[in-house]
Every structure is written in structure tokens, then in C-alpha cells.
Amino acid sequence: MKKGWLVSLAVLALSMMCLTGCGSKEKLKIYLPGEYMSDELVPNFEKQYNCKVDVELFDSNEMMYTKVMAGDSYDVLIPSDYMIERLIKEDYLQKIDVSKLSNFGSVTDALKVAPYNGFDPDNSYSVPYFWGSVGIVYNQNNVPTSEVEAKGFEIMKDTKYSGKIYMYDSERDSFMIAFKSLGYSMNTNEESEIMAAYDWLVELNTTMAPTTVTDEVIDGMAQGRKDLAIVYSGDAAYILSENEDMRYYTPECGTNVWVDAMVIPKNAKNVDLAYKFIDYVISYDAAMGNTEAVGYASVNKDVLAEVTKEGGLYDGNEAYIPRTGFAKDEVFTDNEFLRKKLSELWIKVKASN
Amino acid sequence: MKQFRKMVYPYLLWSTVVIAVPMLLILLYAFTSGGNSVSKFMFSLHNFKRFLTDKTFLEVLYRSLRIAVETTVVCVLLGYPAAYIIAKYSEKVKMRWVLIITLPTWINMLVRTYAWTGILQEDGVINSFLGLFGIEPVTFMYTDFAVILGMVYNFLPFMIIQIYTSLTKMDYSLIEAASDLGANPRKCFTKVTLPLSMPGVISGITLVFLPSVSSFCIPRMLGGGSYVMVGTIIESQFLTAGDWNFGSAISLIMAIIIMISMYITKKVDKGEKLEAINA
């Protein structure tokens, strides 16, 4: 009797495995940052192409890099510009033939020129997913707009607002505001400029009592817990739509503008389906749903026009569309020396209170 | 017994794969430089020098040890009375209390810690309650207090259960004998119960000190991103800096510090036992 049970259990387990494992559906494995895709996008794609999509999420580009370099295979990755540059350099990506993408023509022209296209000039390896900038979100009731505009990132060091600021816990973004504030390039290799930026941040950390967080900043600013914060444009767009006291500003000294894009690794298992997925993501309907849900600027020009027109979802939302054609704005480039240096210095900045 | 000896082999294999090999890799990385690929390894003590000669890193190390010691002390002070009281109850009530104490550990640690952020936030549960009486919001979040609270909350069950176990294993007739011989309750406790429960306290200390000294997610969530502990540095070396060699060296330094502190705890324990016997 006991044995009979065991056998039937085993049969059941095997048939379950068959249901999930050896079904006839094609499979696609994608790897992207958390909270970065509309919940409907994947199910709709699965329905349309009768396939199964496995979604895995990462916290940071570096975490993704560690994992894919350990040999894990994915069909589509969505990293940031500087990381794509690194993956191209290390010969990890396949070339993408954009002529196979029926919707590629609708990708906005702003992304095909400097500074946005620097990491992959002709889209030979990547297709844009979202794009944005980094700026200051401030509470206009407590911080005058004229003051923010006059001071730029320096306002983060104004002791009037001590204890009322959020810093973003990322060495790249924090050093970026220091470099820009001091008038340097954020892709510098100069030891003296790096140390000046380090001193700038240490001074900020010791005098301003900043709260250094990552995604908590979104909720914190939407609730109005602090007056000033360094925020990504898409998160800012959400904050602005939740709390009308909040405003967004990208300083005159320039800022970081960025593109996250879809790439296909060399060890992808289902390249055809990966193309279909990429083409689907930049199509009007999918891109519209995605930008409505996530808040970052769409790469589809028709979607951009639709949501920013009068009465559109992001009409009047100054954080939604990143600044274009501003010479002082830069995209990060992959730079191993700077990356290691900043990572070590950032720990020291944070420990300096 | 001999016929069972073969059954050890799977365990040996298991412990080699999951304990020995990773430890050896950490050793290898710690004493080398030149990136993560095996072909480029070069012996060097540079990673250790870099950590031990840098004032900031040493301050972080000191802070981690201080927070861990404070957490452990609070856990002993709270855990011992709790375990003592539980051990006095009848069998049925005891089991119920043990269940209640271990219940929170069934839920993921991250979720439980995240719940504390909702409680301690400036517009959280405690401050809303204080606000009813017109008290200004108190800053709990991103302070030492929040971090130690989170650690004590997460690790206290380990302390209570360890002490409780050693208290229940104790032979009660020893206390009866002591009272027969004229010891008052206080003397009974300090001369009999406390020394006999010391093994539980020691293993409780081990179980609380180890995770709190290397924790990085509790300080991150309750102390904020600028609350740097040794665990945070190690994590950043592996995940953002990509400097596995330096990360391994720091891990090794931590391991050595922990081993030394465990050795001292054991010594103190033995010394106390000897004293008790001599007295």
C-alpha cells in the first residue's frame, strides 16, 4: 500500500515537471532591474506569441554583471549605457540587426545623437528601453525655486536645509553631482579632480546630516518627509504626480543623462524570440502601457508626443522628458579605474560622519 | 557502530563542497591581487595593508564591533530573565512560550525588519501615537538605536532558546540541596543556577554576536545607506567595486577577529567554572 502511494506520487511529480518543462511553448528568459516594467507587458507578449517568459530581476548593473559573467544564460538583458559599453568591450553581446525590428523607426531621434548614443553609436548592439536624467526634487513651499535655480547641486550643501535632504546611495550618482558642481567631467581620470569631489562629498556628509537611501527616496519625497533629494527623472515624475508641492530641476552645471537599453547576450538560447520581444517592447501599445506604469520617458516618439500633449498623462510634468541638446550633460562611460576608485571613496564618504 | 561509519561520507562530501572550498577560495583571493580570473593570480599582502592602515576602515570596524557587543549585551540582559521565567513554568506552558518566541522567525527576516521602518518612521506608528498627546515627532530611524533595536529583535530568540535549554536541562535537586544546606534564594541563584546555565549563555552570545557583527541588511534598512558596517564594505567590494580580493581579505580579517573573541569567551567560561569549583 505504501509503495503504491510512492509510485503515484512519483508519477504525479514527473507529469508536473512535464507540464512546466517539456511543454511545446517557446521560452524566453529576460533579466532586468526591479520595478522597471509594466505588469501587463509580459502576459500580453506571452499571449500574442504563445510563449513563456521567465523574468528575473536585479538590484544593480554590477549585480547583473557578476551573475552573467558567472555563466548564466539569458535571452534579453536591460542594463544601463556604461554597462552595455563594458559588455560590448568584453565581447559578451551579439550584434543586433535593427532592420529586423519593424518598430525601430519609431525610436525617438534624440537617442540617436550625442550624448545619448555614445555607448553604442549605431545601435549595433542595443535597442533603447527607457531614458532619463538625474536631478533635484525639492519642496517648493520650503525651498524657493529661484534659490534652487541659482545654486544648482550646491544647494545640497546649504546648511539651512541640514537634516532635510536625501542623498542617493550610489557612488556614481553622488560623485556625479560633486564633479558637475565643481565644473569637472563626471568621466574624469584626474586624481586631483576625484579627490576634490571626494572632499566636496565629505563636507556634505559631515555638515548636512543627509539620509542616504535608494528607493526609499520615492516614498519619502512623495510623503514630503524631506525638502531636497537627488532623484532619477522617472522616479521624480512619479513623485511630482503624487505630491504637487514637489518640483524637479536639472542644474545648469549639467547632469547625468542615461539610457537603459535591451541587449542580446552571445549565449542567448532563443534569439528569434528575443528579437520579437524587443520589437514588441518598442511598439506603440506596449511602450505606452510601460511608460504609464513606470514613469520613465518612453523611447517611442509617438508615445512621447501622446503623453506630453495637453491633457496627457505627463502634461506639465517637468521631470518626465530628459533634457536634450545641453552640452554639459554627459552619459557615463565605462572606466575601470574610476569605478574602483569611486567605490572605495564612497564607502569612506559614508563612514565620515 | 562500525557499520554506520560509511554513512559519514555524504556529510564529508557535503561539508567539503559547501564549507571547505569556499573558505579556501576566500583565502586564495585574500592573499592575491590582479582581478578575478585564476590565470592572473599574484601573491600579495596589499589587501590586508590597505584595510589595516586606513583610519576610516578601522573606524568602521570599531563601530561594527561596538554595535555587535551592545546588541549582545542587551540580548543577554533581556534574554536571561525571559528564559529563567519560562523555565519555571509547567511543561505545557513552557512549550507554548517557546512556540511564541520562535514564531517570528518563521517569517523572513527582511520582511520583519522592513516592518520596523513603518513603526519607527517620522510618520510611523510610534510617532503618530505620540502625536495624539501633542509630542513632537522623535527621530528613531537612521540612528544607532534603530539598528540595535532591529538586531536585538531579530537575534533575541536565539539567546532565549539557548539559555532556556540549559536551564531546563539543569538538575533541580541541586538547588534543593543548596537550600537544604542553608543557602538563601539569592545565593542559590548565583552559586548554582547561574554557573550551570553559563554554557547556554555562552552559546547564546556566539549565536547573537556572529550574525550581528557581519550583518549588512539590518544596518542598511534601519540605519540608512550612510550607516556603514564591515558587512557593508564587504558587500560593496563584491557587488559594486568588483574587487573580490579586497573583499575576501576583509572577510578573513573578520573571521580572525571572531575566532579570537570566541576563544576568549571560552577561556572566560572555563575560568569561571574553575572559580566556582574552588569556591
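Predicted model: local features only at pLDDT ≥ 70, side-chain atom pairs only at ≥ 80, totals over all residues.
## Exercise 1: Getting to know chain B

**Task.** Describe chain B by its helices and strands, its box and its buried residues.

**Solution.** 
- Step 1. Start with the elements: chain B has 12 helices and 2 strands.
- Step 2. Now follow the chain from the N terminus, where the order is α-β-β-α-α-α-α-α-α-α-α-α-α-α.
- Step 3. For the extent, the C-alpha atoms of chain B fill a box of roughly 70 × 70 × 40 Å along the principal axes.
- Step 4. Turning to burial, 29% of the 279 residues of chain B count as buried.
- Step 5. Finally, look at contacts in chain B between residues at least 6 apart in sequence: 70% of these join residues at least 24 apart.

## Exercise 2: The domains of chain B

**Solution.** 
- Step 1. Find the bounds: domain 1 of chain B covers 1-30, and domain 2 covers 43-278.
- Step 2. Taken over C-alpha atoms, the centres of domain 1 and domain 2 of chain B are separated by 29 Å.
- Step 3. Count the contact: domain 1 of chain B brings 4 residues and domain 2 of chain B brings 7 residues.
- Step 4. Sort the domain 1 side by class, which gives 4 nonpolar, no polar and no charged residues.

## Exercise 3: A helix pair in chain B

**Task.** How do the axes of helix α7 and helix α9 of chain B cross?

**Solution.** 
- Step 1. Locate the helices: α7 of chain B spans residues 144-169, and α9 of chain B spans residues 185-214.
- Step 2. Their axes come within 7 Å and cross at roughly 160°.
- Step 3. Angles over 145 degrees count as roughly antiparallel, and therefore α7(B) and α9(B) are roughly antiparallel to each other.
- Step 4. For the handedness, α7(B) passes α9(B) in a right-handed crossing.
- Step 5. Pick out the residues in contact: α7(B) contributes several, including B:M151, B:F155, B:F158 and B:M159, while those of α9(B) include B:V201, B:L207, B:V208 and B:P211.
- Step 6. By class, this contact has 11 nonpolar, 8 polar and no charged residues.

## Exercise 4: Where the two chains meet

**Task.** How many residues does each chain give to the contact, and which element of chain B supplies the largest share of its side?

**Solution.** 
- Step 1. The contact takes 17 residues from chain B and 23 residues from chain A.
- Step 2. On the chain B side, α3 (55-88) and α11 (230-241) each supply at least two residues.
- Step 3. Of these elements, α11(B) provides the largest share, 5 residues.
- Step 4. The chain B side divides into 6 nonpolar, 7 polar and 4 charged residues.

## Exercise 5: The domains of chain A

**Task.** Where do the domains of chain A lie in its sequence, and which element gives the largest share of the domain 1 side of their contact?

**Solution.** 
- Step 1. Domain 1 of chain A is made of 24-131 + 258-308, and domain 2 of 132-256 + 325-350.
- Step 2. Their C-alpha centres lie 27 Å apart.
- Step 3. In the contact, 16 residues of domain 1 of chain A meet 13 residues of domain 2 of chain A.
- Step 4. On the domain 1 side, two or more residues come from each of α4 (81-89) and β4 (126-139) of chain A.
- Step 5. The largest share, 5 residues, belongs to α4(A).
- Step 6. That domain 1 side holds 10 nonpolar, 2 polar and 4 charged residues.

## Exercise 6: A helix pair in chain A

**Task.** At what angle do helix α6 and helix α7 of chain A pack?

**Solution.** 
- Step 1. Helix α6 of chain A (residues 171-181) and helix α7 of chain A (residues 191-208) pack at about 110°, with their axes 9 Å apart.
- Step 2. Angles from 65 to 115 degrees count as roughly perpendicular, so α6(A) is roughly perpendicular to α7(A).
- Step 3. The contact is made by A:S174, A:F175, A:A178, A:F179 and A:S181 of α6(A), together with A:A197, A:W200 and A:L201 of α7(A).

## Exercise 7: One residue, A:Y168

**Task.** Is A:Y168 buried or exposed?

**Solution.** 
- Step 1. Find A:Y168 in strand β5 (residues 165-168) of chain A.
- Step 2. A residue counts as buried if 20 or more other C-beta atoms lie within 10 Å of its own; A:Y168 has 23, so A:Y168 is buried.
- Step 3. Leaving out residues up to four places away in sequence, A:Y168 touches A:D173, A:S174, A:T214, A:V217 and A:I230.

Conventions
Residues numbered from 1 in each chain as written. Chains lettered and ligands numbered in written order. Domains from an automatic or database assignment. Contact = placed C-beta atoms within 7 Å. Nonpolar A, V, L, I, M, F, W, Y, C, P; charged D, E, K, R; others polar. Axes fitted to C-alpha atoms, helices over the stretch in contact; angles between N-to-C directions. Helix = DSSP H or I, 4+ residues; strand = E, 2+ residues; numbered from the N terminus. Parallel < 35°, antiparallel > 145°, perpendicular 65-115°, else oblique. Left-handed = near helix turned anticlockwise from the far one by under 90°. Buried ≥ 20, exposed ≤ 12 C-beta atoms within 10 Å, placed from the backbone.
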